[in-house]
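The briefing below is meant to be read alongside the sequence and the coordinates. It moves from the chain as a whole to its nonpolar cores, and then to a few individual residues.

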Amino acid sequence: MELKTIVTGFTGTENCTITPITNGLINTTYLVVDYDADEKFILQKINTQVFPFPEIITNNHILINRLLEDGNYPLELVKPKETLSGNFIIKDENGASWRMLSFIEDTKTFFKIPDIKTAYESAKAVGSFLNTVNPEYLPYIQAPIPDFINFEKRISDYQISLQSASPDLLDNAEPEIEAMNELISLPEKWIEMEKEGVLPKRIIHGDPNVRNILFDQTSRPLAVIDLDTVTISTILYDFGDMARSYTNTLDEDNGNADNNFNPQIYRTVKDGFLLSLKKKLTFEELENLDYAAQTVIYIQAVRFLTDYLNGSTYYSTKYAEHNLDRTRNQLELLKGLREYLRVD
């Protein structure tokens, strides 16, 4: 099935251009210019290796947009476009799932936080998003990636990898394994709080990285995008992942990182995140923000190291030690955060 045939299923016209967008990390993405309607759209082939049930992410997106529309949300929305037959997914002859989304003009994105102001505005935008999509009664949001925030399973997978990895990989990663094992108890409090129901279940974004915010040309946030990872979990995960991705002064592939944690950005992110949310969060959530940041960084390091020991089968890699460099980077980031927090 040609791309124009797929586009026609959404727009009814072949009078268009289709241009690849190559900076996406998961899905295959194109910009579509519909000359008949004088509109632009995003066309995506959904990566079903990551998202095995495309209908779930589409349904979740629609439910989230309804909450945002009903909640006086100040930012713009990206909206799924219906097909001519009234669905939101088109399957091609190979069984691949395609969707179309609205396009917001004149925007830019960042792949790293460029300055303190952007850190604050980004955290404020995510906090506003989370505040709006968490009314008193939550709609039924399905998990798009099973066990994505199951930290008990992440630790189990890591321990299994230690038993099955080749001797060469184990030897090569010996310092990182030692550092990981020294902190192996770090996620235990998180796991227990979830089991005991201490942390409220809330709608979270799941990937609140700055690359998932669209900015105008003055660097003002316009939209929080990429809702594929939206799920029900603890809001501590989103804060932890923002702290992880925003405060790193270096690219996460840099295995020679030294002092890559930025404490000023960490404080700024916390301030921006809490601006809309502070009154909604419980005592337990507020008290565990610093702990959440440590735990999410640690778990990401665990994931990189697990994949390395498994032969790098999950994350895309460019060289043999790519995942090991990512592990080193996250461990250095965690070290900087813990030193800042004066954690023993």
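Helices, in the sense used here, are DSSP runs of H or I with at least four residues, numbered from the N terminus, and strands are runs of E with at least two. In this predicted model, arginine 244 has its place in helix H8, which covers residues 235-246. The protein chain as a whole has 12 helices and nine strands. Its radius of gyration is 21 Å, close to the 20 Å that the globule rule gives for 344 residues, so the chain is as compact as a globular protein of that length.

**Overall form and surface**

- Taken along the principal axes, the C-alpha atoms of the protein chain fill a box of roughly 60 × 50 × 40 Å, and 51% of the 344 residues count as buried.
- Among contacts between residues at least 6 apart in sequence, 71% join residues that are at least 24 apart.
- The protein chain exposes about 16,300 Å², of which carbon and sulfur atoms supply 47%.
- There are 33 positive and 52 negative side chains in the protein chain, and the centres of these two sets lie 4 Å apart.

**Nonpolar cores**

- In soluble globular proteins, nonpolar side chains tend to be buried together.
- The largest nonpolar core here has 78 residues, and those with the most contacts inside it are Ile64, Phe129, Tyr246, Phe273, Leu305 and Leu309.
- Helix H11 (residues 289-309) gives the most to this core, with 13 residues.
- When its neighbours within four places in sequence are left aside, leucine 305 is in contact with Tyr158, Ala173, Glu176, Ile177, Met180, Leu324 and Thr327.
- A second, separate core has 12 residues, among them Val7, Tyr30, Ala96 and Met100.

**Arginine 244**

- Arginine 244 has a relative accessible area of 9%, and it therefore counts as buried, the cut-off being under 20%.
- Apart from neighbours within four places in sequence, arginine 244 is in contact with Glu252, Val296, Ile297, Gln300, Gln330 and Leu333.
- The C-alpha atoms of arginine 244 and glutamine 294 are separated by 8.3 Å, although the two residues are 50 apart along the chain.

**Loop residues with positive phi**

- Aspartate 38, in the loop between strand S2 (28-34) and strand S3 (39-45), has a positive phi of about 55° although it is not a glycine, and with a relative accessible area of 71% aspartate 38 is exposed.
- Asparagine 72 lies in the loop between helix H2 (54-70) and strand S4 (90-91); its phi is near 55°, again a positive value in a residue other than glycine, and at 74% relative accessibility asparagine 72 counts as exposed.

Technical notes
Residues are numbered from 1 along each chain as its sequence is written. This is a predicted model: local features need pLDDT of at least 70, side-chain atom pairs count only at pLDDT 80 or more; totals for chains, interfaces and linings use all residues. Side-chain values use heavy atoms; hydrogens and water are left out. The radius of gyration is taken over C-alpha atoms; the globule rule is 2.2 Å times the number of residues to the power 0.38. Buried means under 20% relative accessible area, exposed over 50%, partly exposed in between (1.4 Å probe, protein chains only). Contact means heavy atoms within 4.5 Å. Accessible areas come from the Shrake-Rupley method with a 1.4 Å probe; for residues, only the protein chains shown count as cover. Lys and Arg count as positive and Asp and Glu as negative; His and the chain ends are not counted. The place of a charge is taken as NZ of Lys, CZ of Arg, CG of Asp or CD of Glu. A nonpolar core is a set of buried Ala, Val, Leu, Ile, Met, Phe, Trp, Tyr and Cys residues joined through side-chain atoms within 4.5 Å.
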